[in-house]
Amino acid sequence: MAYIASHLHHMVFELVKNALRASVENPRDGKIPPVNVLIVVGEKDISIKVSDQGGGIPMRLHDHLFAYHYSTAPEPEKDSRIPPLAGFGYGLPLSRLYARYLNGNIRLMSVDGYGTDAVIYLH
């Protein structure tokens, strides 16, 4: 199985970044919950699952998550000297585009009030 390293890096970075942000913004009992990453290499597939307990995503927002220019992060400051990591609304859509280019996909499964599982499937 051969993959374009920069595309794979982008997809994993995006899912981990989102999980970490959700976990930091939604602590449980004053503690930041863990983010878990599971990598499974099958006979013909690779799956990478990123799981968090960062509060989940309400069902009413699920249809927007892969839309370009949609973000749950605050809009980045235009005059800031620190480059923003989120808020432009292209991270998940571009990641899914890369996954599909590699004959795979990205799926999100979220429980509002608990957390999210994001899985990259590659063939």
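Guide: Gladly! Two strands pair if DSSP finds at least two bridges between them. Helices (H or I, at least four residues) and strands (E, at least two) are DSSP runs, numbered from the N terminus. This is a predicted model, where local features need pLDDT of at least 70, side-chain atom pairs count only at pLDDT 80 or more, and totals for chains, interfaces and linings use all residues. Residues are numbered from 1 along each chain as its sequence is written, and side-chain values use heavy atoms, leaving out hydrogens and water.

Visitor: Over how many bridges do β3 and β4 pair?

Guide: Seven, in the antiparallel sense, with β4 covering residues 115–122. Within this pairing, Ile106 has Ile120 of β4 as its bridge partner.

Visitor: In what order do the four strands lie in the sheet?

Guide: The order is β1-β2-β4-β3, in an open sheet with antiparallel pairing. At the edges, β1 (36–41) and β3 (105–111) each pair on one side only.

Visitor: Where does helix α2 lie, and at what angle to β3 does it run?

Guide: Angles run from 0 to 180 degrees between N-to-C directions, with axes fitted to C-alpha atoms, for helices over the stretch in contact (heavy atoms within 4.5 Å). Helix α2 (residues 91–101) lies across β3 and β4, at about 135 degrees to β3.

Visitor: Which residues of α2 are buried?

Guide: Buried means under 20% relative accessible area, exposed over 50%, partly exposed in between (1.4 Å probe, protein chains only). In α2, the buried residues are Gly91, Leu92, Pro93, Leu94, Ser95 and Ala99. Their cover includes α1, β3 and β4.
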